[in-house]
Amino acid sequence: KGTLQEQVNMLKSQITSSGAAPSVQISNLKSEIERLEGELSRSSINSSSTGGSVPGDYVSTKHQLLAVQSQLEQTQEELDRKFSETTQYNNMKKMLGKKNEQLKEIRSKLRRYEPTDD
């Protein structure tokens, strides 16, 4: 399996070289974070019982966890950016804008012909 550092480095290289969809990368990163958090909690339990060199491992594991979480955030931002650049998204945004303008016009006509008693 290797050390946690090797595993994180392997994950980093997989993310950068992978041609997988960002959503697949996100789910993989989430599972990796859960695994690292589990290892982190186990190491903290072991450190309280053994008192050995585990505090150093705890710190390195915590840094690795933060690095993976940072990668997850970056991948999510990239996915959001790619999604907002799609033709379907832009078309839907234009359609919603047109419908909102139509609603404003209809409301103003309704107020003109049927004023409310406030």
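Which residues does L40 touch, not counting residues up to four places away in sequence? The contacts of L40 are with Y58, T61, K62 and L65, where contact means heavy atoms within 4.5 Å. The model is a predicted one, in which local features need pLDDT of at least 70, side-chain atom pairs count only at pLDDT 80 or more, and totals for chains, interfaces and linings use all residues. Residues are numbered from 1 along each chain as its sequence is written, and side-chain values use heavy atoms, with hydrogens and water left out.

As for the overall layout, the chain has 4 helices and 0 strands, which gives the pattern α-α-α-α when read along the sequence. Helices (H or I, at least four residues) and strands (E, at least two) are DSSP runs, numbered from the N terminus. Of the 118 residues of the chain, 20% count as buried; buried means under 20% relative accessible area, exposed over 50%, and partly exposed in between (1.4 Å probe, protein chains only). Among contacts in the chain with a separation of 6 or more, 74% come from residues 24 or more positions apart. The accessible surface amounts to about 8900 Å², with 54% of it belonging to carbon and sulfur atoms. These areas come from the Shrake-Rupley method with a 1.4 Å probe, and for residues only the protein chains shown count as cover.

How confident is the prediction? pLDDT, the predictor's confidence in each residue, runs from 0 to 100. The chain averages 78, and 69% of the residues score at least 70. Confidence is lowest in helix α1 (residues 4-17), at a mean of 64, and highest in α4, at 93. Where pLDDT is low, the predicted coordinates should not be read in detail.

Turning to the inside, the largest nonpolar core has 8 residues, namely I26, L29, I33, L36, L40, L65, V68 and L72. α2 and α3 each supply at least two residues of this core, and α2 gives the most, with 5 residues. A nonpolar core here is a set of buried Ala, Val, Leu, Ile, Met, Phe, Trp, Tyr and Cys residues joined through side-chain atoms within 4.5 Å. Leaving aside residues up to four places away in sequence, I26 touches L72, T75, Q76 and L79. The C-alpha atoms of I26 and E73 are 8.7 Å apart, although the two residues are separated by 47 residues along the chain.

Charged pairs come next. The structure holds 3 salt bridges, each a side-chain nitrogen of Lys or Arg within 4 Å of a carboxyl oxygen of Asp or Glu. K82 pairs with E78 at 3.0 Å, N to O; both lie in helix α3 (residues 54-84), 4 residues apart, about one turn of the helix. K82 is partly exposed at 38% relative accessibility, and E78 is partly exposed at 31%. R81, partly exposed at 43%, bridges to E85, with the closest N and O atoms 3.5 Å apart. E101 and K104 meet at 3.7 Å, N to O. These two are 3 residues apart in helix α4 (residues 87-113), so about one helical turn separates them.

L96 has its place in helix α4.
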